[in-house]
Amino acid sequence: MPTIAFANSKGGSGKTTSALLLACALAETKPTTIIDADPRHPISTWADMPGKPPALTILKNASERTILDEIEEAAARDPFVVIDLEGTASRLMSYAISQADLVIIPLKEQQQDAVAALDVIQEIHRDMKATRRKIPYVTLFTQSKAAVKSRTARHISSQFRDNPAIDCFTCEIHERDAFAAVFSIGGTVATMDPAKVNGLSKALANIEDFKNEVIHKLRAIRKVETGEAVA
Ligand SMILES: Nc1ncnc2c1ncn2[C@@H]1O[C@H](COP(=O)(O)OP(=O)(O)O)[C@@H](O)[C@H]1O
Ligand SMILES: [Mg+2]
């Protein structure tokens, strides 16, 4: 059921990569649909290569007119729905956000990505007003260096992490060969040959941390919605 949308109007912020990593990790245990709502359809191109997990369904979005029906259909069928959105603010993005149980806003530790992430947050607040519904959102730093961060990276990161109004994932998606390689060789990080890709075990641990934090957040959101105490 939960629908998780990846949104940031800045291209290259890591939406498609993070969405695919999460969807493949979720599909290891539960049927998952990823709605490919980027007009360039990078996820569908990836799925044309061998190695797609059997429990992962790819639904290629046709247009903004069909997105609501596509989300409804996928959410009725599968325990998890992940939406990869295009790199521009659009009506399609608003429609997807309006249906999401969680909006993940990926950003690099760079000024342009940070500005675009703040724009998305404002858009989510407008969508909340329009739909009179709370739409949980959380920012996710992507393509970050696993080792030492630059001054700029530290500055941007602290602007978000030190802001009590903005929820941030504790984990970051690091910049890793394996995460870019899935798009050129197909399949998932879990099925890659360790002899051919650097740092595979760290990449897998990074995905596991991300998936666990997403599941923890979804549980906390559901508990708040149903009035249960959050563990
Ligand atoms: N964590 C990462 N590690 C390595 N390369 C990455 C990572 N995230 C994204 N990239 C690369 O950066 C580029 C843009 O990422 P992408 O996920 O397509 O962003 P978006 O969907 O926001 O436009 C792609 O070439 C992708 O392979
Ligand atoms: Mg993309």
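This is a predicted model: local features need pLDDT of at least 70, side-chain atom pairs count only at pLDDT 80 or more; totals for chains, interfaces and linings use all residues.

Stop 1: Seven of them form an open sheet with parallel pairing, in the order 3-2-4-1-5-6-7. Go to the edges next: strand 3 (56–60) and strand 7 (173–174) each pair on one side only.

**Stop 2: strands 5 and 6.** Select residues 102–107, which are strand 5, and residues 137–144, which are strand 6. The two run parallel and are joined by five bridges. For one position across this pairing, show Ile104, which stands opposite Val138 in strand 6.

**Stop 3: helices on the sheet.** Which strands does helix 4 touch? It packs on the sheet against strand 1 (3–6), strand 2 (32–37), strand 4 (80–85) and strand 5. The direction of helix 4 makes about 155° with that of strand 4. Helix 5 also packs on the sheet, where it touches strand 5 and strand 6. Its direction makes about 165° with that of strand 5.

Stop 4: Show side chains for the contact: helix 4 brings Met93, Ser94, Ile97 and Ser98, and helix 5 brings Val120, Glu123, Ile124, Asp127 and Thr131. By class, four of these residues are nonpolar, three polar and two charged.

**Stop 5: the largest pocket.** Select Lys134, Ile135, Pro136, Tyr137 and Ile221; among the 14 lining residues, these lie nearest the centre of the largest pocket. The volume of this pocket is about 320 Å³. Which elements give two or more residues to its lining? They are strand 6 and helix 8 (200–226). Helix 8 gives the most, with five residues. The lining of the largest pocket has 10 nonpolar residues, four charged and no polar ones.

**Stop 6: the second largest pocket.** This pocket holds about 270 Å³ of space. To see its lining, select Met1, Pro2, Phe80, Asp101, Ile215, Leu218, Arg219, Ile221, Arg222 and Glu225. Here too, helix 8 provides the largest share, six residues. Six lining residues are nonpolar and four are charged, with no polar residue. Finish on Ile221, which is part of the lining of the second largest pocket and is one of the residues nearest the centre of the largest pocket.

Note on methods. Residues are numbered from 1 along each chain as its sequence is written. Chains are lettered from A and ligands numbered from 1 in the order in which they are written. Side-chain values use heavy atoms; hydrogens and water are left out. Contact means heavy atoms within 4.5 Å. Helices (H or I, at least four residues) and strands (E, at least two) are DSSP runs, numbered from the N terminus. Ala, Val, Leu, Ile, Met, Phe, Trp, Tyr, Cys and Pro count as nonpolar, Asp, Glu, Lys and Arg as charged, and the others, Gly among them, as polar. Two strands pair if DSSP finds at least two bridges between them. Axes are lines fitted to C-alpha atoms, for helices over the stretch in contact, and angles run from 0 to 180 degrees between N-to-C directions. On a 1 Å grid over the protein atoms alone, a cavity is a set of points where a 1.4 Å probe fits but cannot get out, and a pocket is an open set with protein on both sides within 12 Å along at least five of seven lines; lining residues have an atom within 4 Å of a point. Grid points are joined across faces, edges and corners, and a volume is the space filled by probe spheres set on the points.
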